Amino acid sequence: MNDLRKYLDPSAIIDCDHPDVVTTAKMLAAGSGGDGSTARRCFEYVRDNICHSYDCRMNPVTLKASDVLAHRTGYCYAKSHLLAALLRANGVPAGLCYQRLFLEEFDAYCLHGLNAIYLPETGWYRVDARGNKEGVEAGFSPPEERLAYRADKRGEMTLPGIWAEPLKAVIDVLSKFDNYLDVRKNLPDIEPGMIPTP
C-alpha cells in the first residue's frame with residue numbers, strides 16, 4: 001500500500017480533505033458495500049451531475065476539486081480532479097491520466113483528462129467522467145474500460161503513466177483563463193517527447 005500513498009494524499013488541487021468534498025464523498029459511499037461500488041457511485045456522480053464547461057457553455061473556469069464541486073462545472077481535467085478527490089476521501093486510491101487527441105476544429109492536438117482508480121480485484125482501472133453526449137458514451141464496467149475517446153487516430157495517444165497531481169500544462173491553462181471559451185481556444189498540449197514522469 002505504500003506505493004499507493006501518493007494516490008490517497010490531499011493537495012492544493014486534489015483537496016480531498018475539504019469539508020464539502022468529504023461530506024459528498026461520504027454521502028456517495030453510504031451503504032455502498034465496497035471500493036468497487038463506491039468508485040462507481042463517485043464516477044457516475046461526477047460524470048452525470050457536474051457539467052462539462054464547454055458542453056454547458058458554463059463559467060467559471062474551475063481547477064480545484066472543491067471549486068468544481070461548488071460550482072458544479074469543469075473541463076474534463078477539473079472533473080477528473082474532483083473524481084480523484086471524492087475517491088481519495090473514501091480511501092480509494094485515484095490518479096490522473098491523459099490522452100492526446102486531435103481536435104479538428106483547431107487542426108491541433110490537445111490533452112484530455114481522465115482518471116485511474118485502484119480496485120483490489122482489478123488493479124488500476126481507467127475511467128472518463130467528462131460527461132456523456134451524442135457520440136460519447138463512457139461507463140464503469142471493470143475490468144473492461146469504457147472511455148469517452150479511443151485515441152487511435154494518427155498522432156493520438158494515451159499518455160503512459162498515472163499522475164498523483166495534474167500536469168503543469170493543465171494547471172497553467174486553467175489558472176490563466178477565467179472564461180470557458182478562452183480555455184477552449186487554448187487547450188493544453190504536450191509534445192510526445194516532452195511527457196513528464198509521473
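A contact is counted where heavy atoms lie within 4.5 Å. With that criterion, select the whole chain: residues 24 or more positions apart account for 60% of its contacts with a separation of 6 or more. The model is predicted, so local features need pLDDT of at least 70 and side-chain atom pairs count only at pLDDT 80 or more, whereas totals for chains, interfaces and linings use all residues. Residues are numbered from 1 along each chain as its sequence is written, and side-chain values use heavy atoms, with hydrogens and water left out.

**Overall view**

Helices (H or I, at least four residues) and strands (E, at least two) are DSSP runs, numbered from the N terminus. Along its principal axes the C-alpha trace spans about 45 × 30 × 30 Å.

**The cores**

Next, colour by burial: 52% of the 198 residues count as buried. Buried means under 20% relative accessible area, exposed over 50%, and partly exposed in between, with a 1.4 Å probe and protein chains only. A nonpolar core is a set of buried Ala, Val, Leu, Ile, Met, Phe, Trp, Tyr and Cys residues joined through side-chain atoms within 4.5 Å.

Select Tyr77, Leu86 and Tyr98, the residues with the most contacts inside the largest nonpolar core, which has 54 residues. Helix α5 (residues 76-89) gives the most to this core, with 10 residues. Centre on Leu86: leaving aside residues up to four places away in sequence, its contacts are Val21, Thr24, Ala25, Leu28, Cys42, Tyr45 and Val46. Another core, of 8 residues, lies apart from the largest one and includes Leu4, Tyr7, Leu114 and Ala116.

**Backbone details in the loops**

Move to the loop between α3 (53-56) and α4 (65-71), which holds Pro60. A cis peptide bond joins Asn59 to Pro60, with omega about 5 degrees. Arg57 is found in the loop between α3 and α4; although not a glycine, Arg57 has a positive phi of about 50 degrees. Its relative accessible area is 47%, making Arg57 partly exposed.

Finally, select Pro142 and Pro143, whose peptide bond is cis with omega near 5 degrees. Pro143 lies in the loop between β6 (139-141) and β7 (144-146).
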